[in-house]
Amino acid sequence: MKVIHMNNWILIFATLSLILASSYIVYYIEPETFTSPFEGLWWTMTTVATVGYGDVSPTTVNGKIFAMFLYIVGIGLMSIFIGKVIDFFSIRKRLKEEGKLKITTKNHILLINWTKKAAITLEELLKTFEHVRVVIVDENISKIPLQHERVEFVNGNPASIDVLYQANILSSKSIMVFSPDDVLTASQADGHTLLIASMIKGIEKEHNQHIYTICEVSNSNHIHAFNHVNVNEYITANDTAAHLAARSILFNGSSEIIRQLTSHEGYDLYSISKKSEWKTYQDASIALSAKGAILLSNGNDMSIISKLHQPIPSDAKLFIICNDETYFDIVS
């Protein structure tokens with residue numbers, strides 16, 4: 001029982017010492033059979049690993065006695081060692097599923113607060129972008145909600161600095177803070193979201209590093225509070241749904257266009273950088289049209305349609321409409 005509960009480092013040292021010592025001992029006992037310490041190492045490893053190729057084996061009485069000792073001690077110790085290794089990976093897998101490990105992924109997207117909308121967002125991200133990696137941060141679920149090779153989980157209060165550092169916030173690409181589902185009022189939900197956003201922006205200021213933060217706002221009257229903490233972008237889900245309903249009533253079919261542009265089905269909305277050969281918006285529009293894409297805006301400025309002859313800023317963030325095949329052809 002003491003051996004089974006042996007300290008891991010002591011176990012590793014004992015196993016390696018036994019293997020190396022046995023290699024030299026059997027070489028010393030039977031130099032004619034084991035022509036070098038490496039031959040002794042080969043025999044020792046095949047013995048303690050219970051492979052037993054039989055290509056080389058002791059022939060003298062002393063050699064066979066030592067072999068019997070190695071059968072009892074070596075195989076037992078190696079079994080415990082292998083069991084420890086298996087336990088290590090099992091424990092690590094369990095801790096990862098429970099969100100207790102530090103995230104080492106870089107350039108990932110943080111989804112804070114696991115809600116129905118967060119689940120839909122995650123599905124869209126995984127289906128639309130095959131290389132994107134996502135980290136979910138939530139304190140109300142005990143295990144990772146989706147087993148996927150590109151999804152990781154941190155369990156804890158997202159308003160805690162330690163939890164945000166555990167999620168490797170400084171190496172993240174962008175953060176989406178969802179309004180929690182389990183609160184009674186919009187004010188409570190937005191208060192919770194605002195607290196998290198404030199903590200994120202505090203880390204941003206402390207490290208002088210830009211952290212792009214998007215927040216879901218339940219009540220549009222609270223937007224000024226989010227502007228006060230310098231949230232980069234916010235989504236007012238309820239207002240957006242109402243505005244979309246009004247447009248769909250007046251212009252039948254418009255809701256399907258918006259749905260298609262915000263899902264992985266059909267044509268989608270993508271962001272690209274300016275190419276060196278594009279001097280004006282008209283140059284970009286013509287080049288993109290030839291590839292089957294429509295130039296929509298520079299950031300949130302959709303008025304570029306009326307100033308096609310103006311030069312494109314070097315830091316322009318151009319939004320286009322196309323299918324995924326065209327998008328990857330443009331950015332490649």
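Predicted model: local features only at pLDDT ≥ 70, side-chain atom pairs only at ≥ 80, totals over all residues.

**Helix 2 and what follows**

Then I went back to helix 2 itself, residues 37-48. Its 12 residues reach 16 Å from the first C-alpha to the last, close to the 16 Å expected at 1.5 Å a residue.

Which residues of helix 2 are buried? I found Gly 40, Trp 43, Thr 44, Thr 46, Thr 47 and Val 48. I had this rule in mind while looking: an α-helix has 3.6 residues a turn, so residues three or four places apart point the same way. Next I checked what the buried residues of helix 2 pack against, and got helix 1 (8-29) and helix 3 (61-97).

**Strand 2**

Next I looked up strand 2, residues 134-138. Five of its five residues are buried, so strand 2 is largely enclosed by the rest of the structure. For the faces, I kept in mind that side chains in a regular strand alternate between the two faces of the sheet. In strand 2, Val 134, Ile 136 and Asp 138 sit on one side, with Val 135 and Val 137 on the other. Both faces are covered.

How does the chain get from strand 1 to strand 2? I traced it through helix 4 (residues 116-128), and this β-α-β crossover is right-handed.

I also noted the pairings. Strand 1 (residues 109-112) runs parallel to strand 2, joined to it by four bridges, and Ile 109 stands opposite Val 134. Strand 3 (residues 151-155) pairs with strand 2 in the parallel sense too, over five bridges. There I found Val 135 opposite Glu 152.

**The 7-9-8 sheet**

My last stop was an open sheet of three strands, in the order 7-9-8 with antiparallel pairing.

I looked at one pairing in detail: strand 8 and strand 9 (residues 317-322) are antiparallel, with four bridges. Ser 297 has Phe 319 of strand 9 as its bridge partner.

Finally, I found helix 10 (residues 281-291) lying across strand 7, strand 8 and strand 9. It runs at about 145 degrees to strand 8.

Definitions and conventions: Residues numbered from 1 in each chain as written. Heavy atoms only, no water. Pairing = 2+ DSSP bridges. Helix = DSSP H or I, 4+ residues; strand = E, 2+ residues; numbered from the N terminus. Contact = heavy atoms within 4.5 Å. Axes fitted to C-alpha atoms, helices over the stretch in contact; angles between N-to-C directions. Buried < 20%, exposed > 50% of the residue type's maximum accessible area, 1.4 Å probe, protein only. Right-handed = clockwise from strand over helix to strand, strands pointing away. Expected span 1.5 Å × (residues − 1).
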